[in-house]
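My notes follow in the order I worked.

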Amino acid sequence: MKSYDEILIGSGPAAYRLSNLLATTDHRVLVVEGFEYGGTCPNYGCEPKIFLEGAARAVLQSQQLLGRGIKTPATLDWSALMKTKLDRFNPWPGQTSEIISKSHDVVDGYARFVNAHTIEVAGQHYHGKNIIIATGQTPNILDIPGKDLLHTSYDVLSMTELPKKMAFIGGGFVALELATLVAAAGADVTIIVHSDRLLREFPVNETIALGKDMAKRGIHFAYNTNLQAIQQTKQGLLLQTDKGTMTSDYVVDATGRHPNIDRLGLEKADIQHDRHGIAVDSHLMTSAKDVYAIGDVVNRKQPKLTPVAEFEGQYLFDLLTGQNPEPIHYPTVARATFTFPEIAQVGINPDDVQKKADYQIKTIPLNGASLYAGQNDQTTTLTLVFSHHQLVGASEIGDHAADDINNFLPVIGLKISGQQYRQALIAIYPALADKVASLLQ
Ligand SMILES: Cc1cc2nc3c(=O)[nH]c(=O)nc-3n(C[C@H](O)[C@H](O)[C@H](O)COP(=O)(O)OP(=O)(O)OC[C@H]3O[C@@H](n4cnc5c(N)ncnc54)[C@H](O)[C@@H]3O)c2cc1C
């Protein structure tokens, strides 16, 4: 049986960061991947979606400027766009596997624990001094009659023909982002949400404004509606909900994602877990000694995002190489939903401190500024949260909210005062960055 210093199960952003760092050491490392090298983000997540968003945004911005100098809005040929996407992204898993195998052993297949220090992949056993579980998450599939007719985000991001009528189940970022893309390309989209709330992790006013904006552009919302069954009929798919029936050509289950743990045989190594993921201690060690978990598969309160997964990969490298024995300390994490308009948020959410005396909330419409007015970006609103004159939270709805909010991240994360900021920095003008100095107290 081959023996390694580290066995990494998965090759997504968490494991990939760790494997790149371990390549600088003399450790013997094995990387195991059951599906596509590189994991969700470059194959079925952040990267392809933001690539497709480039063309979708051009369409939506030109629609927004109709009658303001733009005579004919752009249109989107989904199949042509998808061809450029597939040409760019199809080689990535192979290239990623090649990069990893320059420094480490690589084996294709799903890993399963035999005991806390041994895994089995495709009938072979491998021993690891340290084993790192970085298996990420996978899309949920509703357990309803006709569930085989449901698609996931994976399918949409490689769909070569645009269906006429599409339905998305879920009010989270995956449903709303993908719905934005296909609607910009001309699909007739309905989003079925089981409650009356979109994007729970973002400020409620901004999510309501986003829903209204999307509805104005022709996306239908069925709130407080539960899908109960799907059936293939001659006319297309018949969706049975608790509010009645509707038809569609393509239904996407975007009801959430769950940890990839089912195939791991965690019980063989006594590794504790629940439906949110694998339990770890403050050093990312699981309940089994020298077995660690990093990335989306971990049960933690921090958002399940690529930079967080990579941060954990970096932390574990520092821990395993003796450079940092301290418990993990997560930095300030910003997040965004790449809809049109976008919503982005960092630090304290204004909804959580509405009535608390120690906090001051300022809401600033930005649509008067030439930068936003020139794009006819009517919705853009920035909300800042201060505590004792220090900026502690920022959120924005607007066409460039993600970039805008990144300007506030260092101020919040590094606790920079207004005076320090103004003394140290003069930003590019005109941009949101140039407003930061005057907005800070
Ligand atoms: C549609 C979509 C859009 C997203 N957009 C963003 C975004 O804009 N920004 C952002 O920060 N994040 C985004 N994310 C989230 C981001 O993709 C994840 O946070 C990130 O990929 C997590 O990395 P990971 O390494 O933990 O897991 P993953 O990337 O999921 O990788 C895990 C890997 O482990 C493999 N694996 C699973 N089980 C086994 C096994 N038993 N044996 C061997 N291999 C196994 C899987 O095949 C997979 O390749 C998005 C996700 C989705 C689905």
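I began with the loops. P341 sits in the loop between β20 (335–337) and β21 (342–347). I checked the peptide bond that joins F340 and P341, and it is cis, with omega at about 0 degrees. This is a predicted model, so I note these as computed values.

Next I went to P430. I found P430 in the loop between α13 (418–424) and α14 (433–439). The bond from Y429 to P430 is cis as well. Its omega is near -5 degrees.

Then I looked up N224. N224 lies in the loop between β11 (220–222) and β12 (227–233). Its phi is near 50 degrees, a positive value in a residue that is not glycine. I flagged these spots because most residues other than glycine have a negative phi, and most peptide bonds are trans.

**The ligand**

How many residues surround the ligand? I count 38, and the closest are E33, T40, K49, A111 and D296. I sorted the shell by class: 18 residues are nonpolar, 14 are polar and 6 are charged.

T40 places a polar side-chain atom 2.6 Å from an oxygen atom of the ligand. A14 uses its backbone: a polar atom there is 3.0 Å from a ligand oxygen. A111 also uses a polar backbone atom, 2.9 Å from a nitrogen atom of the ligand.

How much of the ligand does the protein cover? On its own the ligand has 1,000 Å² of accessible area, and the protein covers 95% of it.

**α1 against α9**

The crossing is right-handed.

From α1, I noted P13, A14, R17, L18, L21 and L22 in the contact. They meet T306, A309, E310, G313, Q314, L316 and F317 of α9. By class, this contact has 8 nonpolar, 3 polar and 2 charged residues. A14 turns up here and in the ligand contacts.

**α3 against α4**

α3 passes α4 in a right-handed crossing.

On the α3 side I wrote down E47, P48, F51, L52 and A55. On the α4 side I wrote down W78, L81, M82, T84, K85, R88 and F89. This contact has 8 nonpolar residues, 1 polar and 3 charged.

Note on methods
Residues numbered from 1 in each chain as written. Predicted model: local features only at pLDDT ≥ 70, side-chain atom pairs only at ≥ 80, totals over all residues. Heavy atoms only, no water. Near = heavy atom within 4 Å. Polar contact = N/O pair within 3.5 Å; in protein donor to acceptor, adjacent residues only side chain to side chain. Areas by Shrake-Rupley, 256 points an atom, 1.4 Å probe, with all protein chains shown as cover. Nonpolar A, V, L, I, M, F, W, Y, C, P; charged D, E, K, R; others polar. Left-handed = near helix turned anticlockwise from the far one by under 90°. Helix = DSSP H or I, 4+ residues; strand = E, 2+ residues; numbered from the N terminus. Contact = heavy atoms within 4.5 Å.
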